[in-house]
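Have a look at the model below.

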Amino acid sequence: MDASGDGRNPRGPRARNRTRTRTRTRTGILLSTAAALAAATVPASATQPAPAPPPDPVVVDCFSKGQVRPDEYLLACGDGNNRLVDLRWNTWGPKTATATGTDMVNDCRPYCAAGRFRPYPVTVTLSDPQPWPDRPGTQRFATIRLLYTDTAPAPVPKDVTYKLVYDTPSPTPTPNP
């Protein structure tokens with residue numbers, strides 16, 4: 001009721017509508033702000049990032065170091081008479097890796113210390129990734145295939161595959177007499 005006692009609002013119906021509109025607008029802004037804040041905090045706690053894919057396998061060298069895309073790779077760890085050089089990797093993925101390069105092989109004529117290293121163009125494929133026991137969570141390529149694109153060093157076939165992983169077997173218990 002107003003002071004005049006006639007029951008009318010001195011501001012009139014337009015003033016009431018403006019007041020309602022302002023109130024609704026403020027309420028809407030407050031609710032929108034609250035919803036935006038709630039939405040901003042929910043994804044951080046509800047959504048978990050996807051696990052990172054495992055790293056690509058490595059090739060283990062003669063010094064038990066894992067390498068990715070090495071420029072050179074020693075095949076003959078004992079005497080150094082066979083080495084892959086100038087490796088250019090075309091692919092390196094979770095299942096295989098391929099490269100082209102040169103296999104430098106000592107001809108050991110008349111004996112290895114007096115021999116000459118001869119180049120053989122080669123395509124290299126690493127495959128068969130397996131868990132590396134010394135490095136949990138790391139895979140290592142277990143197989144290397146050499147495909148000689150010209151001639152192969154005698155007596156090696158033109159397409160040859162070697163096992164790269166030489167794990168020491170566990171000792172077998174011997175019964176006591």
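## The cavity

Val59, Pro70, Tyr73, Leu84, Leu87, Trp89, Val124, Leu126 and Ile144 line the largest cavity in this predicted model. Here a cavity is a set of points, on a 1 Å grid over the protein atoms alone, where a 1.4 Å probe fits but cannot get out, and lining residues have an atom within 4 Å of a point. S4 gives the most, with three residues. Strands, by the way, are DSSP E runs of at least two residues, and helices are H or I runs of at least four, numbered from the N terminus.

How many of the lining residues are nonpolar, polar or charged? Nine are nonpolar, none polar and none charged. The volume of the largest cavity is about 40 Å³, and the count comes to one cavity of 30 Å³ or more. Grid points are joined across faces, edges and corners, and the volume is the space filled by probe spheres set on the points.

## What the numbers rest on

The model is predicted, with local features needing pLDDT of at least 70 and side-chain atom pairs counting only at pLDDT 80 or more, while totals for chains, interfaces and linings use all residues. Residues are numbered from 1 along each chain as its sequence is written, and side-chain values use heavy atoms, with hydrogens and water left out.

## The sheet

Six of the strands make an open antiparallel sheet, in the order S3-S4-S5-S6-S7-S8. Strand S3 (73–74) and strand S8 (159–163) sit at the edges, each pairing on one side only. Pairing here takes at least two DSSP bridges between two strands.

Arginine 88 has threonine 100 in S5 as its bridge partner. On the next pairing along, S5 (residues 97–106) and S6 (residues 117–131) run antiparallel, joined by ten bridges. Alanine 99 is bridged to valine 124 in S6, and aspartate 103 stands opposite tyrosine 120.

## Buried spots

Why is S5 described as largely enclosed by the rest of the structure? Because seven of its ten residues are buried, where buried means under 20% relative accessible area with a 1.4 Å probe, protein chains only.

Valine 122, in strand S6, is buried too, at a relative accessible area of 2%. Leaving aside neighbours within four places in sequence, valine 122 is in contact (heavy atoms within 4.5 Å) with Leu84, Ala99, Thr100, Gly101, Thr102, Asp103, Leu146, Leu147, Tyr148 and Thr149. Threonine 102 is 20 residues away along the chain, yet the two C-alpha atoms are separated by 5.5 Å.

## The chain as a whole

Of the 177 residues, 26% count as buried. Among contacts with a separation of 6 or more, 35% link residues 24 or more positions apart. The accessible surface is about 12,700 Å², with 57% of that belonging to carbon and sulfur atoms; areas come from the Shrake-Rupley method with a 1.4 Å probe, and for residues only the protein chains shown count as cover.

Notes: Buried < 20%, exposed > 50% of the residue type's maximum accessible area, 1.4 Å probe, protein only. 1 Å grid on protein atoms, 1.4 Å probe; cavity = no way out; pocket = protein on both sides within 12 Å on 5 of 7 lines; lining within 4 Å. Nonpolar A, V, L, I, M, F, W, Y, C, P; charged D, E, K, R; others polar.
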